[in-house]
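Please read this briefing beside the structure shown below. The points are grouped by topic.

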Amino acid sequence: MKKYLLSQLVKKVLPLSLVFVFVLAFVAMVSAEKVEITYWQYFYETKKDTIDVLIDLFEKENPDIIVNQVTFPYEDYNVKVAASVPAGVGPNVVNLYYGWLPLYINADYLQALPEDAFNPEMIEKDFFPLVSAAKVDGKYYALPTAVRSLALIWNKDLFKKAGLDPEIPPQTLDELVEYAQKLTIYDKAGNLVEEGLTAELRGQLHHWVREILIRQFGGKPYSDDNRKVTYNDQSGYDALTFFTDLTEKYKVGQTGFLTDDVTAFKAGKAAMTIDGSFRIGTLDKLENLDYGIAEVPSHNGIKSNFASFWANGITSFTEGKQLEASIKFLKFLTSDSTMELWLKNIGELPAKPSVAFKEENINDPKYGPFIKGLEYAHATYFVDEMAQRQAWIDAYDLVKLEGKTVKEAVDAVAATEQKVLDKFYSDK
Amino acid sequence: MEIRFNKLSIEQKKAIWAYIFLFLPLIFYLVIRIYPAFSSFFISFTDWDIVSSEKRFIGLENYQRMINDPVFLKTLGNTFKYVIFGLPINLILSFIIAYNLNKLQRGLAFYRTLYFIPYMTSLVAVSWVWRWLYQPLPLGFFNNLLGFFGILQQPFLQSTSQALPSILAPTIWVEIGFQVIIFLAGLKAIPEFLYDAADIDGADNWQKLFKITIPLLRPTIIFLIVTGSIKYLRIFTQVYSMTRQGEGGPLNSTKPLVLYIYDNAFRSFDMGYASAMTIVLFVVILCITLVQLRVLEIK
């Protein structure tokens, strides 16, 4: 019995296992030549799908590289990335909101992009100047595929209803107020039924105040090195006065009306709103909504805009072959063809003027006004986005709910925001 | 080993089996709860920002910062407001409901279920439904109701004075479900003959209530006060869900300490400061609970 078993073992099992070992060795050899890298971004369906398409293209061009995409829900994304850092695990290439970059660069989570592959001078020549938000001490740490800016979006049907030409949007702040007043509808009991202009600072409008209104009233939100709050002067007071007048004096909108600005606009209950280019996809899904897009109104002859972006960086523990592969992938993600595809699929604007300002893009009735806005756009150098955003929300509430003067409110939140900046820069 | 195990008494064997079964939860508890608790105590003396590799020791700086932080003091005050206003109202309403339900001859199970349903519902869902009820016109149910009676529209969640009570209302509504059930159990446990004896002695309903029912409910009341205070001190979900973007506004008027801790830890990544505040909250809860047990236990 034992002999039989032994012979069976030699005859059948041994050759089989030998074959198995060879196969394993072969697989190991082949895959040893392949480099695997991981890419992280937050989950947004079209973004995830587009990256999948791009990875297929990239892997065809580079058969020796495998890219794994991992996504997380947007709400958890920043915390996931942050928690992965002390745990020592994480991606090789990571997609980060530009406002989070100072934190991660400060913590040595990202490595400076190697200058032979990404020359800072070339970056400054090729990309919009606002990508300098990813530059620290002369070195770039991340690059975007696409950028976003703000524009005025208006509902053509509501314009017609109010007797306004649906094809001519307001060009200046004065016109904006004038149009908004005509478009606002209250019922007999005095309740707001339709907003002329949305007025929720929690959406995109705090950017409108910070980077657009303050500059249009002759000021600047921050010092050149971003370390000092500088809006606590007449320009800041004027900007806040203008904004609070919208809801308190002209009463053309309300905070929290129909939950938020985009909901009100989608429901056809807001005639005008100021929002980002990423909204086009959402609005285009609504068949009954006839809307137009124009540049953000100017004032005193000054045009300004706010731009933001998600940038891709390489983590500092990526080295050797993985680093080479990551650099190739990052180059691919910031190439002209990727930007074109990104605009088409997602509606975010190309990060290079050479691509963005192509005839067909700048003349596009929907993307065109956003792209024009990029020429004079500013990207706020956030060090603690949540705390800094809260500043303008609180300034408005201090005036409206606490009866503070505009000056008191702006001075108070400027002092609070200055503390946030001081804390960040004192650690450096 | 086998032989030795057999030599043990039945009691000892039972104990060993108990420990074997307790081992896994115990390990889990140590790793998931006890270790992080001690670890946050340590982190509270650092300025760790979650992403840095080094945790720099800064002594008591985080604790000093708290004293001068108006938002911390405001949120601590709000937390006490939730307890001081929420808990008594909650207890009184729950007792009144349970006391009357207890008198019902029929349909008790039905009413009990009815009151318990909010407690079973996800708190996030409850909060969002109430948030919609509070909306301004034309959507908000409460404002429509007020309008129907010719009363002026109220700002509710958008006002610094009305927002906190507006958040307390659904919290109380949910908690009533739990407290009614516990009160009912306590009431059922009071022997009927005591009331019969009181009837013979000619006691009226108020006397029965204050001389029999409430004194005998003492353990129930103590239990509800202690667990209720802890729940109100840790209030978070309602505020996070009902205020815009979870900011505990307007102007921090509804922000409880736990939400401020969350903001610092997971939005600003200021782990050291957040940990220090967690320690303070822990001490506060501990002190309040100890004081309550002391005061309520001893006559």
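Where in chain A is A:Leu164 found? A:Leu164 lies in the loop between α6 (156–161) and α7 (173–183) of chain A, where helices (H or I, at least four residues) and strands (E, at least two) are DSSP runs numbered from the N terminus. This is a predicted model, in which local features need pLDDT of at least 70 and side-chain atom pairs count only at pLDDT 80 or more, while totals for chains, interfaces and linings use all residues. Residues are numbered from 1 along each chain as its sequence is written, and chains are lettered from A and ligands numbered from 1 in the order in which they are written.

**Chain A overall**
- Chain A holds 18 helices and 13 strands, and its C-alpha atoms fill a box of roughly 100 × 50 × 45 Å along the principal axes.
- Of its 428 residues, 45% count as buried, a class that requires 20 or more other C-beta atoms within 10 Å of a residue's own, with exposed meaning 12 or fewer, partly exposed in between, and C-beta atoms placed from the backbone.

**Around A:Leu164**
- A:Leu164 counts as partly exposed because it has 19 C-beta neighbours inside 10 Å.
- Leaving aside residues up to four places away in sequence, A:Leu164 touches A:Phe159, A:Tyr179 and A:Lys182, contact being defined as C-beta atoms, placed from the backbone, within 7 Å.

**A helix pair in chain A**
- Helix α2 (residues 45–61) and helix α13 (residues 336–346) of chain A pack at an angle of about 145° with axes 10 Å apart; axes are lines fitted to C-alpha atoms, for helices over the stretch in contact, and angles run from 0 to 180 degrees between N-to-C directions.
- On the α2(A) side, A:Thr46, A:Lys47, A:Thr50 and A:Leu54 take part, meeting residues of α13(A) that include A:Leu341 and A:Trp342.

- Helix α4 (residues 70–101) of chain B has 32 residues and reaches 46 Å from its first C-alpha to its last, close to the 46 Å expected at 1.5 Å a residue, the expected span being 1.5 Å times one less than the number of residues.
- Among the buried residues of α4(B) are B:Phe72, B:Tyr82 and B:Phe95, and the buried residues of this helix pack against α3 (61–67), α8 (163–188), α11 (218–233), α13 (257–267) and α14 (271–297) of chain B.
- Between the chains, the contact takes 23 residues from chain B and 26 residues from chain A.

Key
Two residues are in contact if their C-beta atoms, placed from the backbone, lie within 7 Å.
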